[in-house]
Structures are given as structure tokens and as C-alpha cells.
Amino acid sequence: MTSNKIISAVKKEGRTALTELESKKVLAEAGIACTDIKLAKTGKEAVAAAKKMGFPVVLKIVSPDILHKTDVGGVKLNLNSEDEVVRAFDEIVKAAKKHKPKANIEGVSVQPMAKPGIEVIIGMSKDQQFGPVLMFGLGGILVEVLKDVSFRIVPLTKRDAREMIKEIKGYPILQGYRGHEPANIETLEDILLKVSKFVESEPAIKELDINPIFAYKDGALALDARIILES
């Protein structure tokens, strides 16, 4: 299903929030590398997906009514066996129903556990005057703690993308800090340009967050994503 069809289907259902599964499908079509993701509706399906991907895996709740999965106990990391996957599936669904009894729970996503990288975030929000504005910064919980981010108005040029990355105070971390491997800056520039092009072509998108993106010396991978449509 193309991004246009996914967005149209979500709007037809009267929703404004895409699930992580839907968001990653849309972003993958835009050329952004995302972790593999499979929807499981039962513990048995989750085990089958995990065995196909290979352990360890990550399980996350899939619901258009639950945007912050961690807050409701909807994420289980580093699962290394079939028994752990079945137990995590049951715990995730139970926790989600407890915190959001009326939530539409589509199932649980199964994803491979990505190797550690430098965490960055790319986001978009709409300004009433300037339209879509892109954000770049260090990702994970660091974005909330350090607030070390840069902004540019869409559409971006290659120069804009490079400047956004270099502007943040954490740029030395991306260059390889104290023996840690550097991030591939050109890959991050490319992702920024692809996100810019994507949001420019999809005016129905109100907000977008790709967080975290694991940046490596040889590429980058989006681990989580959230897209909100105009109401």
C-alpha cells in the first residue's frame, strides 16, 4: 500500500494518528531505512515473527489510541527466547488494556533489536506562518533533557541539512567522541532531505517524529516513528 493510500485509509477511519507500523511503511516508501516490523495478533504469531527475524527482538503495542507506548508499559526490549516473547506479548496487551481500557489494540509489533548507535531525532511541525519546519538533534531522552536541536523551514537544501547537523552542541558526538565510532553525516543529511521532500509532498501531515534514529559510521536506521495528520 502506498503512502497516499495509507494516509487516505487512516483519514477515512476518522483517525489523525498513524500507528508505528503505518508510519514506518510510509517512511520506508520515502526512502528512509527503518527497522523491520511485523504485526502479531497472538503470542504464537509473535514467536513465529521473532524466529524468522532472529533473536533478540523488541515487542511494542500497536494502537492508534496509544501514542506514547513506553508510558503504558507497551514496550519490551532484548527478548531472547520464545518463552520471553510469549510472556512479553501477554504483559504488553494486559498493561495497555489496564491503562487505556477503550483503546483499539491492533496487536503487538515484533522488531529486531538494533545494534547500538548514536541516537538522533528528526521531527516536523507546522508553523502557522512558515508552514512545515524540520528539527534535528540528539535523540532518545536526550532531546527532552538537553533540548539541543536546530530548525529549518521546508524545503531544505543540502547546505541547510549540513548546517542543521553542525549547529547542534552535540555535533562532536556525531564526529566520534572519545573513541566512539562517528556517525555518517552524509547519511543524516540525506535523511533530512528525504523527510523535507516527503512532508512537502504530503500536506495532510501535521506532525512527524522519527526518534530515535540510530546513526552508524556506515548508515542510519529509524527505530521508532510517529505521524500525526491534520484534523
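The points that follow take up the charged pairs one after another.

1. The model is predicted, so that local features need pLDDT of at least 70 and side-chain atom pairs count only at pLDDT 80 or more, while totals for chains, interfaces and linings use all residues. Residues are numbered from 1 along each chain as its sequence is written, and side-chain values use heavy atoms, with hydrogens and water left out.

2. The structure holds 19 salt bridges, a salt bridge being a side-chain nitrogen of Lys or Arg within 4 Å of a carboxyl oxygen of Asp or Glu.

3. Lys-24 forms one of these with Glu-20, with 2.9 Å between the closest N and O atoms. Both residues belong to helix H2 (residues 20-29), where they are four residues apart, about one turn of the helix; helices (H or I, at least four residues) and strands (E, at least two) are DSSP runs, numbered from the N terminus. Lys-24 and Glu-20 are both buried, where buried means under 20% relative accessible area, exposed over 50%, and partly exposed in between (1.4 Å probe, protein chains only).

4. Asp-224 and Lys-69 meet through their side chains in a salt bridge of 3.3 Å, N to O. This pair links distant parts of the chain, 155 residues apart, with Asp-224 in the loop between strands E9 (219-222) and E10 (225-229) and Lys-69 in the loop between strands E2 (57-62) and E3 (75-79). Asp-224 is buried at a relative accessible area of 16%, and Lys-69 is buried at 10%.

5. Salt bridges that share partners join Glu-20, Lys-24, Lys-60, Lys-69 and Asp-224 into one network.
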